[in-house]
Amino acid sequence: MPGFLLTVASQVTCLHQGKATLTPGQTQVLAGGAPVVTTGDLVAVAPCALSSATPPSPCVKIDFSLAASTRVLVLGKPVVLEPAGPGAGLCLSAAQAPQGTPVITSVQLRAAGA
């Protein structure tokens, strides 16, 4: 699955417009001047509008293991790729219930992987 590398400068939200905060576990490897995101990095979401559901189950994090590169590693962890088309991650509630795929609206366009 080829795609561009996600960085902490990428704009990511959940389907319910909750803004994702990408916290890198490393700062040595950069793309477009920003640290590259790996599958081991923390991706928190707040505030998610799904809190109005019964029972409330807002997105609190994004699991990008489905968007992991099979060839590009940073400190032994696969980088997260943004493939063409919909985002390839999974938004999760605090109870780990799937809430949909993330929406990636901005990504650097210089470094790509597979």
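A: One begins with the strands and helices. A helix is a DSSP run of at least four residues in state H or I, and a strand is a run of at least two in state E. The model shown here is predicted.

Q: How many helices and strands does the protein chain have?
A: The protein chain has 0 helices and 13 strands. Read from the N terminus, its elements run β-β-β-β-β-β-β-β-β-β-β-β-β.

Q: How does one read the way strands are put together in a sheet?
A: Strands of a sheet pair through backbone hydrogen bonds, either parallel or antiparallel. In this model, 4 strands form an open sheet in the order β8-β9-β1-β13, with antiparallel pairing. Strands β8 (68-74) and β13 (112-113) stand at the edges with a single partner strand each, so one side of each has no neighbour in the sheet.

Q: Over how many bridges do β1 and β9 pair?
A: Strand β1 (residues 3-5) pairs with strand β9 (residues 77-83) over 3 bridges, in the antiparallel sense.

Q: What share of the residues counts as buried?
A: A residue is called buried when its relative accessible area is under 20%. Of the 114 residues of the protein chain, 40% count as buried. Thr38 is an example, because its relative accessibility is 4%. Thr38 lies in the loop between β5 (34-35) and β6 (42-46). Beyond its neighbours up to four places away in sequence, Thr38 touches Val74, Lys77, Pro78, Val79 and Val80.

Q: Which residues touch the most other members of the largest nonpolar core?
A: That core has 17 residues, and Leu6, Val12, Ile62 and Phe64 touch the most other members. Strands β3 (19-23), β6 and β7 (59-63) each supply at least two of its residues. Apart from this core lies another, of 6 residues, including Leu5, Ala31, Val36 and Val74. Returning to Phe64, its contacts beyond four places in sequence include Leu22, Val43, Pro102 and Ile104.

Q: How many disulfides does the structure hold?
A: The structure holds 0 disulfides. Cys48 is in none, and the nearest cysteine sulfur, that of Cys14, is 3.7 Å away. A disulfide would require the two sulfur atoms to be within 2.5 Å. The sulfur of Cys91 is likewise too far for a bond, because the closest cysteine sulfur, in Cys59, is 4.6 Å away.

Q: Are these cysteines buried or exposed?
A: Cys48 counts as buried at 7% relative accessibility. Cys91 is buried at 1%, and Cys59 is buried at 2%.

Q: Where is Cys59 found, and which residues does Cys59 touch?
A: Cys59 is found in strand β7. Among the residues that Cys59 touches beyond four places in sequence are Cys14, Cys48, Cys91 and Gln99. Folding can also be read from separation in sequence and in space: Cys59 and Gly100 are 41 residues apart in sequence, and their C-alpha atoms are 9.0 Å apart. For the protein chain, among contacts between residues at least 6 apart in sequence, 66% join residues at least 24 apart.

Technical notes:
Residues numbered from 1 in each chain as written. Predicted model: local features only at pLDDT ≥ 70, side-chain atom pairs only at ≥ 80, totals over all residues. Heavy atoms only, no water. Buried < 20%, exposed > 50% of the residue type's maximum accessible area, 1.4 Å probe, protein only. Contact = heavy atoms within 4.5 Å. Core = buried A, V, L, I, M, F, W, Y, C linked by side-chain atoms within 4.5 Å. Pairing = 2+ DSSP bridges.
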